[in-house]
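Open the model in your viewer and keep the selection tool at hand.

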Amino acid sequence: MSQEPSPNQTPIKAKVHENDQMDLDDLLPAIGEFGRYQKLLLWFICLPACIPCGFGAFNQLFMADVPPHWCKVPQLMGPDHNLTAEQRKYLAIPAIDANGTAASCARYAVNWTDLLLDQDVEDLAPNASWPTEPCLDGWEYNRTEVISSIVISFDLVCDHDIYPTYGLVALNIGGPVGVYLFGVVNDRLGRKLSFFLCLATLLLGSVLTATAVNFWQWAAYRVIVGLTIPAVYQIPFIISLELVGPNYRSFVTVLTCSFYTLGLTLLAGVAYFIRDWVQLAYATSLPFFLYFLYWWVLPESPRWLLAKGRLEEASKILETLARVNKKEMPEAFKLKLKQRMMLVRTRSEERRLQTGPGLSSLCRTPNMRLKTLLITLNWFAAETVYVGLSYYGPAVGHNQYISFLLSCFVEIPSYIVCWIIMDRWGRRWPLAMSMVLSGFSCIGTVLLPESDAESILIMFLFSKFTISASFLIIYPFAGELYPTSIRGLGIGASAYIAGLGLIIIPFINYLGQENLKMPLIIMGVVSVLGGLTALRLPETLHHRLPQTIEEGEEFGKDWTWAECMTCVPKKPDSHAGSYEDLRERDVVEMLPTLPHQESDPLRGSLRGSVRGSVRDPLRDPLSRRARLVRQASTMETPLDSTGGIKMTHWF
């Protein structure tokens, strides 16, 4: 006798018939969501692959070090006079303050040949009434600390002192273009090939950087490097996300961010020991040619292979995954693979799957328009201040290498603290408070006396700690606010608009050459404004994610100041739809028993294995720990029409 479906099963049944695709999220619990295979892949391939991105993005800060400099006076540099650099500076360079600080871009306009004919050089003394002129014969550099840099090689000082800023802009202009280009390759040709093409582009640009003979050539090569930032980091990251179960995606995200930060601390050590900018360019690129050995061990994403119909290749990878994890591939999945090998998706179906709401859906209705504006504004503020403080780090404290090292290292505890509190206190208040605290500490740094370098460094590190937390919160918060039907589109649009801050921030930091406090004031104001506007966004913790545009418009429409002032979100009376309800009922709902289950043996088989492995979270401590992992993964990962993770969504 056939069983009638219950009302709450009807929508699921319709969905399965409409888009009957093989979902790895159903299979992974049976063969291992985060088993030995995924751990080996993560620790030995994907995490080391984070290092080239940080090296390529931030080695430029140390290539463009500006040493103390002053005008060159060729008439005083001959062997006949035997003057030291300090003696030449004392005689030929005017002082700009009472402390005797020498001018960097002016010299006395006197005829030194005539003066030296009348008296010995030992008897000469500078005269403040002498006229001055700009540096007409180049510059001398104090190479005690900065042995070599593009500033020295290309004379990027005085009228050309903005050129290193142009170099940072060139690097950041390449980023959005590269994310799009490699995103297309990533989605059409596969994750593996796109990673090695991206790596080859990065190494090519880095090696060419070391061969540049003038600034504009150097800047052009930095655009090539910028094409791969952050794509070279995103692609192996996406492979990791697509191979682990949904319950571990946030854990992998935090771990990957932390390892990327550890790579930046390694860069500080490399830059400290290698002071020549050409050698630094080689040292931060040539070792990564070894990564091409990954070609034989880095797997293609089986999720992408399944979506592209390359089922035999996907089956081999999944069989290896199951074997390494000491699991067995369910016979139901093997059977379904064989059935799918005989089917071909038609072009009309592909077009049907790819059609959906457009960009205008983000701003068509009042509430969605407001949320889109606030999300984008917060993303812009968080990204701009985070990158700005990263660029600003070497200028704080007595030692630029230690300052940069500490500014990177404080990100790791920030990620851990953020990961813990955002699933207890929600997203809105941690985001707002982290940005406001970062802004106030930036402004507070300005109020400290310049002689108190230690206090300034501590305040700066606190700013970096808090803004790093906001940068980690903004992505899942945005993903939970945008409805599923336009989640990828919304995140991509907000991220690209926010990326404009990467082009603006080098010019803000350029102001620090004349006034070291000005960039901190600007970044502080931007961060505070961003944090305050975040309070207007609705809280998402304990709420179901909006699925349709209509649900997205309704979500948060009843926002009130009273609700906003609640720092710790209250759990709803009913756990239905709550993120906290992670008992067996939720797992069963993901793998429903339907009347046509016999025609889809995968779900029936996996249902039994998952049900047998479910523990009562109220009694079993292991389940409670797993529950914490799951809590941090409630956000749906944006997928494209093929079911794969699009790289642009993670930019």
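How many helices and strands does the secondary structure of the protein come to? The answer is 30 helices and four strands. Helices (H or I, at least four residues) and strands (E, at least two) are DSSP runs, numbered from the N terminus.

Before you select anything, note that this is a predicted model, where local features need pLDDT of at least 70, side-chain atom pairs count only at pLDDT 80 or more, and totals for chains, interfaces and linings use all residues. Residues are numbered from 1 along each chain as its sequence is written, and side-chain values use heavy atoms, with hydrogens and water left out.

**Whole chain**

Colour by accessibility. Of the 651 residues, 54% count as buried. Buried means under 20% relative accessible area, exposed over 50%, partly exposed in between (1.4 Å probe, protein chains only). Now show contacts, meaning heavy atoms within 4.5 Å. Of those between residues at least 6 apart in sequence, 80% join residues at least 24 apart.

**Stop 1: L243**

Select L243 in helix α11 (residues 231-243). Is L243 buried or exposed? Its relative accessible area is 2%, so L243 is buried. Leaving aside neighbours within four places in sequence, L243 touches L28, E33, Y37, Q38, L41, P299, P302 and L321.

**Stop 2: α20 and α22**

Select residues 411-421 (α20) and 453-481 (α22). Their axes come within 8 Å and cross at roughly 50 degrees. That makes α20 oblique to α22. Axes are lines fitted to C-alpha atoms, for helices over the stretch in contact, and angles run from 0 to 180 degrees between N-to-C directions. Angles under 35 degrees count as roughly parallel, over 145 as roughly antiparallel, 65 to 115 as roughly perpendicular and the rest as oblique. The α20/α22 crossing is right-handed. A crossing is right-handed if the near helix is turned clockwise from the far one by less than a right angle, and left-handed if anticlockwise. Show side chains: E411, P413, S414, Y415, V417 and C418 of α20 meet K464, F465, S468, A469, L472 and I473 of α22.

**Stop 3: α18 and α21**

Move to α18 (residues 366-392) and α21 (residues 428-447). Here the axes come within 12 Å and cross at roughly 40 degrees. That makes α18 oblique to α21. The crossing is left-handed. N378, A381, A382, V385 and L389 in α18 meet L431, M435, S438 and C442 in α21.

**Stop 4: rings**

Display Phe, Tyr and Trp. Their rings (for Trp, the six-membered one) pair if their centres lie within 6.5 Å; planes under 30 degrees apart count as stacked, over 60 as edge-to-face and the rest as tilted. The count comes to 30 aromatic pairs. Zoom to Y166 and W216: ring centres 6.4 Å apart and planes at 25 degrees, so the pair is stacked. Y166 is in helix α8 (residues 163-188) and W216 in helix α10 (residues 215-226), 50 residues apart. Y166 is partly exposed at 31%, and W216 is exposed at 52%.

F507 is in contact with I162, T165, Y166 and V169, leaving aside neighbours within four places in sequence.

Finish with F58, F62, Y272, F273, Y391, Y401 and F404, a cluster linked by ring pairs. The charged end of R275 sits over the ring of Y272, 4.9 Å from its centre. A charge sits over a ring if NZ of Lys or CZ of Arg is within 6 Å of the ring centre and within 35 degrees of the ring normal.
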